[in-house]
Amino acid sequence: MLKNIIELIEKHDSIVIFGHVNPDGDCYGAQVGLREIILALYPKKKVYISGTGCPRVFTILSKMDKVSDEVIENSLALLVDANDLSRAEDQRIRRCKAWAKIDHHIDTHSFIEGPQIVDTTANSACDILTGIAMELGVDISPIGATALYLGIVTDTARFQFVTNYPQTFERVKYLAEHKANIEKLNQILAKTDEKSLSAKGYIMTHYKKTNGGVIYVVFSKEKLHRLKLSANAASNNVNLLGNIEGYPIWCSFAEYDDGKVRVEIRSNGPIIQPIAAKVGGGGHAHASGAQLSHLDYDAIEAILNDLDNTLSEWRKNYVGKRTSRSY
């Protein structure tokens, strides 16, 4: 499939790289990193990145491009870190001339528009792209190397969740050798502000537990307004509920100003992706998300019930196989 995607890139002078809704470090890093890979191979191509990106790292990486409708309609679309066109943040992707995809999420087999590379064993989309850059012998720019490192370090939660340590660190070595600004990036990622402290304090003092052992927190828009937080900022702190002994599944529900609700589900054992998929979302086996049309407590209860059932089944199987650790 890499050959087919390269052929598409060679056929098009203009390329727009799209990411998913609510872009994270891997999405944005993949957009910037892929742009730098393409420009290293084809300096005369016009390559744009569309969406909102991650503003906190714009100072050391790249702002997003303002892409006109005319450019969109005359460009190849490359979708990264998303499983189909419906997940693209900029829905003008549907108006492009051709499409290809590079992703690491569980494949829904819904992308039928063009060639794709899907590696669900990869830690991140940036992990895949770094491997591609190494395979092609790309002399990637420091900005590209930094962007790809951003995706790897954030999607692995700073190397806590890695599927292949030797391969991952070999790829990080390549990025470091190409002058990824790891020190500065780590400084930016480590910074916090008082607004985020409000979210953290609320989560740690207001989380709830289901009878089955799932930890969760709900942010209504009224509560977010009082905390002076966005739904995205609140959702990004979901992992504060992780790794609490006895509770291998945790999740959050945060209401946007328009009434829609961002759902984030995490696990350090049970596979929870099918539950997110059931309500129109998706993601990884142990880290998935979805969006509800409104703050529907019956829908939230249904999700929590499904998580309880999944946890119960997992515990039955896990108890029979465990060695020393228990839940």
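Colleague: Which residue stands opposite Lys101 in β4?

Modeller: Leu79 stands opposite Lys101, and five bridges join strand β3 (residues 76-80) to β4, the two running parallel. This is a predicted model, in which local features need pLDDT of at least 70 and side-chain atom pairs count only at pLDDT 80 or more, whereas totals for chains, interfaces and linings use all residues. Residues are numbered from 1 along each chain as its sequence is written, and side-chain values use heavy atoms, with hydrogens and water left out.

Colleague: What makes β4 and strand β5 (residues 116-118) a pair?

Modeller: Two strands (DSSP runs of E, at least two residues) pair if DSSP finds at least two bridges between them; three bridges join β4 to β5, so they qualify as a pair. They run parallel, and Asp103 has Val118 of β5 as its bridge partner.

Colleague: Why is β4 called largely enclosed?

Modeller: Buried means under 20% relative accessible area (1.4 Å probe, protein chains only), and six of the six residues of β4 (residues 98-103) are buried, so the strand is largely enclosed by the rest of the structure. Ala98, Ala100 and Ile102 point one way, while Trp99, Lys101 and Asp103 point the other way, and all are buried.

Colleague: How do you know that helix α2 has a span close to the expected one?

Modeller: The expected span of a helix (a DSSP run of H or I, at least four residues) is 1.5 Å times one less than its number of residues; α2 (residues 25-41) has 17 residues and reaches 24 Å from its first C-alpha to its last, close to the 24 Å expected. Of these 17 residues, 14 are buried, so α2 is also largely enclosed by the rest of the structure.

Colleague: Which residues have the most contacts inside the largest nonpolar core?

Modeller: They are Ile17, Tyr28 and Leu78, in a core of 52 residues, a nonpolar core being a set of buried Ala, Val, Leu, Ile, Met, Phe, Trp, Tyr and Cys residues joined through side-chain atoms within 4.5 Å. Helix α5 (residues 142-155) gives the largest share of this core, seven residues. Apart from it lies another core, of 21 residues, among them Val218, Ile272, Ile275 and Leu304.

Colleague: Why is one side of β6 and of β10 left without a neighbour in the sheet?

Modeller: The open sheet of six strands has the order β6-β7-β8-β9-β11-β10, with mixed pairing. β6 (208-209) and β10 (282-283) stand at its edges with a single partner strand each, so one side of each is left without a neighbour there. Within this sheet, seven bridges join β8 (residues 249-255) to β9 (residues 261-267), which run antiparallel, and Ile249 stands opposite Ser267.

Definitions and conventions
Buried < 20%, exposed > 50% of the residue type's maximum accessible area, 1.4 Å probe, protein only.
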